[in-house]
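Here are my notes for your first look at this model. Keep the viewer open and check each point as you read.

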Amino acid sequence: MRAFQTLTSRTHFIDLITTKYSQIHTGFRSTNHLLIQESSTVSTVYDPVSDRLVTKRVSNSKHSEAESDKSAHKQSNPDYADALKDDRSYGSILKANQGFGASKKKSKSKSTWVCTECGYTDGQWWGYCRECSNVNTMKEFTESDNGGKTSGFQVSERIVKSWLPKGSGDAFPMRLTDVNRGVNQSEWRFPLSGPFGNEVSRVLGGGLVPGSLVLIGGDPGVGKSTLMLQIAAIIADGKEIGKPAPVLYVSGEESVEQIGNRADRMEISTEELFLYSSTDVEDILQKAHLLSPRAIIIDSIQTVHLMGVTGSAGGIYQIKECTAALLRFAKKTNIPVFLIGHVTKSGDIAGPRALEHIVDAVLYMEGEQYSSHRLLRAFKNRFGSTDELGVFEMSPCGLKAVTNPSEIFLSEERSDSEFLAGLAIAVIMDGSRTFVIEIQALCAAGSSLSRQVNGVQAGRADMIISVLMKQAGLKLQSNAIFLNVVSGLTLTETAGDLAVAAAICSSFLEFPIPNNVAFIGEIGLGGELRMVPKMEKRVSTVAKLGYKKCVVPISAAEKSLRGLDFGDIEILGCNNLKEVINTVFVPR
Ligand code: TYD
Ligand code: MG
C-alpha cells in the first residue's frame with residue numbers, strides 16, 4: 001500500500017520512466033494524469049520498498065493494494081508467480097515461508113539481465129529491452145559469488161592440465177611390478193653433492209625424492225632460508241648427475257634483491273638458480289610452468305595465498321589450500337616442492353603443525369639462541385627413517401656440515417678436565433649416528449638449593465641420585481646437585497645413565513675422571529648396569545675418537561662386544577654401580 005501511495009503521489013517521477021515507454025507503445029504523449037488513467041496496459045515504475053523497477057498493468061488508477069503488491073513481488077521473485085496461484089488457500093503458509101526466507105542470510109550473488117531476443121545484457125532490470133525494445137524478454141541470470149571461488153585442488157588441476165600432454169591425467173591402477181619395471185630404486189632419488197648435501201640427503205632418507213612435498217619448519221631466524229638457498233643451489237648445479245637445471249626459489253618475505261644479496265654473501269653464483277618474489281600460488285605455479293624447474297622452494301607457506309579462498313595469508317584455510325595446491329602440483333609433475341614454515345614457541349595452530357599430515361616429509365631445524373650449531377631433524381618422512389639428524393654450523397657464509405659432531409658436544413676445556421671433578425663422557429645414538437657428549441655434575445654440600453637439572457629428564461636424574469644413595473652408599477642427602485649436558489642437548493635415551501652417575505660420583509668424591517674414559521649403560525633400581533642397543537657401534541665410535549677406556553655393563557662385555565676388535569681401547573665390564581666406583585675412582 002505504501003508503495004502504491006508513493007507511486008501515485010509522485011506522478012512526475014512515474015512520468016519520467018513511463019514517457020518513453022508510452023511514446024513507443026501507445027504512439028502518443030499524454031499528460032501525467034492521462035498516463036495513469038489511460039496509458040497502455042503495461043507501465044514501468046520505481047518501487048521504493050523493493051528498491052527496484054517494477055512493471056505493472058495499469059488499466060485504471062484504482063489499483064487494489066493486493067494487485068500492486070503482487071505485481072511488485074512477481075517481478076522481484078519469479079517463484080512467487082507459481083506460489084501466487086495457491087495463495088488464497090495457502091496464504092498463511094506462503095507468508096510463513098516468506099518470513100522464513102526473509103530471515104535467511106542472503107547469499108552474495110550478482111544478477112544480470114539478458115534479452116532472450118537480441119542478447120542485450122544489462123546489470124539492471126528494465127521492463128523492455130533497451131536494445132531491441134521488446135517487452136518481457138529480459139531474463140534474470142544469477143552469478144553466485146561461489147562461482148569464482150577457488151580451492152587449492154582446482155588451481156593445481158587447472159595449471160597442471162594446461163601443462164601436461166592431453167590424456168596423461170587418465171591414470172589407471174597399475175601392477176606393482178609394472179610400476180617398478182626398469183626403475184633403478186637406488187638412482188631414483190636425486191643426490192645432493194658435497195658434505196653439506198650429504199648431510200641434508202641423509203636426513204631426507206638418502207636423497208631428494210621426485211614429486212615429494214617437504215616441509216622445513218623452525219623458529220624464525222633459525223636459518224631455514226639460508227638452508228634452502230644452499231639446497232636450491234646444489235640441486236640446480238646437479239653436480240652428481242653432471243647436468244645443471246633450473247630451480248625456482250620463491251620468496252613471499254624477501255625481494256629478489258635481498259635474496260641475491262644473501263646468495264652473494266654465501267658465495268652462491270649458480271646460473272640455473274631462479275629467484276622470484278610472489279605471494280600468489282596460482283602466479284607461482286604459472287611461472288613454474290614456464291620454467292620447468294627441477295625443484296621449487298616456497299619461502300614461506302605462511303606468506304602465500306590463493307585467490308578466492310577464505311581468509312588472509314597465514315590463516316589456516318589459506319595454508320591448507322595452498323599446501324593442497326602445491327601437493328597436487330608436485331605429484332602430477334614429479335617436481336619436488338619445499339615449503340618453509342615458521343613455528344612459534346607456542347606451537348601456533350595455523351603454522352606448519354597443521355600441515356604435517358598433508359606433506360610427505362617434515363624436517364625441523366633447531367638451534368640454541370646463542371649457539372652457532374643447527375640440527376636438522378626428520379620428524380616425519382614417507383621415504384625414509386625419522387631417526388636421522390643433520391648437524392650444521394652457521395658461519396658468516398652460510399651453513400656448513402659438521403662432519404664430526406662429537407667434537408661440538410665436548411667442552412673446549414676438555415684438556416683441563418684431568419683436574420676437574422664432575423665431568424663424564426656419555427655415548428648416545430641419534431638415528432644412525434653416534435654422539436659423544438659431556439655430562440657435568442656439581443655436588444655442593446650444605447647448599448639450600450636442592451636440585452637443578454639441564455638436559456636430563458628430572459625424573460631420571462632423581463632416580464639415578466636415589467640409586468647412588470641407596471645402592472652405592474653415597475651420602476648425597478645434604479648436597480645440592482646440579483646436572484648439565486654440554487651444548488644444550490637433551491638426553492633422550494637411558495644409555496647416558498651411567499655417565500650421569502659417574503659425573504655425580506666424580507664431583508661428590510672430588511675425584512676427576514681421566515679424560516679418556518667413556519661410559520655406556522643404563523642403571524636399574526638395584527644399581528645394576530643394563531645393556532643398551534647398538535653397543536658395538538657406540539664402542540667403535542669412542543675407540544675411533546681415541547678413548548682408552550670404556551665402562552660398559554658386564555653383560556655387554558661378555559656377549560655383544562666379545563671377540564670384536566676395537567683397537568687398543570680397554571673395555572671395562574661392570575655389574576653394578578659399586579663396581580664402577582671401585583674400578584674408576586681408585587687412586588693410581
Ligand atoms: P635465515 O635463513 O634468514 O632464518 P629464517 O629463514 O629461519 O628466518 O637466517 C637467519 C640468521 O642466520 C640471521 O640471524 C643471520 C644468520 N646468518 C649467518 O650467520 N650467516 C649467513 O651466511 C646467513 C645467510 C645468515
Ligand atoms: Mg626466512
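**Notes on the model**

1. **Ligand contacts.** Start with Lys 224: a polar atom of its side chain lies 2.8 Å from an oxygen atom of ligand 1. The backbone takes part too. A backbone N or O atom of Gly 398 also lies 2.8 Å from an oxygen atom of the ligand. For Pro 396, a backbone N or O atom lies 3.0 Å from an oxygen atom of ligand 1. A polar contact here is a pair of N or O atoms within 3.5 Å; within protein, one must be able to donate a hydrogen and the other to accept it, and residues adjacent in sequence count only if both atoms are side-chain atoms.

2. **Ground rules.** This is a predicted model: local features need pLDDT of at least 70, side-chain atom pairs count only at pLDDT 80 or more, and totals for chains, interfaces and linings use all residues. Residues are numbered from 1 along each chain as its sequence is written, chains are lettered from A and ligands numbered from 1 in the order in which they are written, and side-chain values use heavy atoms, with hydrogens and water left out.

3. **The shell around the ligand.** How many residues are around ligand 1? There are 16, and Gly 221, Lys 224, Ser 225, Thr 226 and Gly 398 come nearest. Near means that a heavy atom of the residue lies within 4 Å. By class, the shell has 6 nonpolar, 6 polar and 4 charged residues. Ala, Val, Leu, Ile, Met, Phe, Trp, Tyr, Cys and Pro count as nonpolar, Asp, Glu, Lys and Arg as charged, and the others, Gly among them, as polar.

4. **Who supplies the shell.** Which elements each supply at least two residues of the shell? They are α11 (224-237), α12 (256-265) and β13 (389-395). Helix α11 gives the most, with 3 residues. Helices (H or I, at least four residues) and strands (E, at least two) are DSSP runs, numbered from the N terminus.

5. **Glu 254.** This residue sits in the loop between β7 (247-251) and α12. Is Glu 254 buried or exposed? It is buried, with a relative accessible area of 15%. Buried means under 20%, exposed over 50%, and partly exposed in between (1.4 Å probe, protein chains only). Leaving aside neighbours within four places in sequence, Glu 254 is in contact (heavy atoms within 4.5 Å) with Ser 225, Ile 259, Arg 262, Ser 277 and Asp 299. With Arg 262, the side chains make a polar contact of 2.7 Å. Ser 277 is 23 residues away along the chain, yet its C-alpha atom is 6.9 Å from that of Glu 254.

6. **The cores.** The largest nonpolar core has 48 residues. Such a core is a set of buried Ala, Val, Leu, Ile, Met, Phe, Trp, Tyr and Cys residues joined through side-chain atoms within 4.5 Å. Those with the most contacts inside the largest one are Leu 468, Ile 504, Phe 519, Val 551 and Leu 577. Helix α16 (residues 497-509) gives the most to this core, with 8 residues. Another core, of 37 residues, lies apart from it and includes Met 266, Leu 273, Ile 297 and Ile 340.

7. **A buried arginine.** Arg 538 is found in helix α17 (residues 535-544). Its relative accessible area is 1%, so Arg 538 counts as buried. Beyond four places in sequence, Arg 538 touches several residues, including Val 427, Met 429, Glu 493 and Pro 533.

8. Most residues other than glycine have a negative phi, and most peptide bonds are trans. Now look at the exceptions. A cis peptide bond joins Asp 299 and Ser 300, with omega about 5°. Ser 300 is in the loop between β9 (295-299) and α14 (316-333). Asn 334 has a positive phi, near 70°. Asn 334 lies in the loop between α14 and β10 (337-342) and is partly exposed, at 47% relative accessible area. Glu 510 has a positive phi as well, near 50°. Glu 510 is exposed, at 65%, in the loop between α16 and β19 (517-519).

9. **The whole chain.** The protein chain has 19 helices and 23 strands. Of its 588 residues, 45% count as buried.
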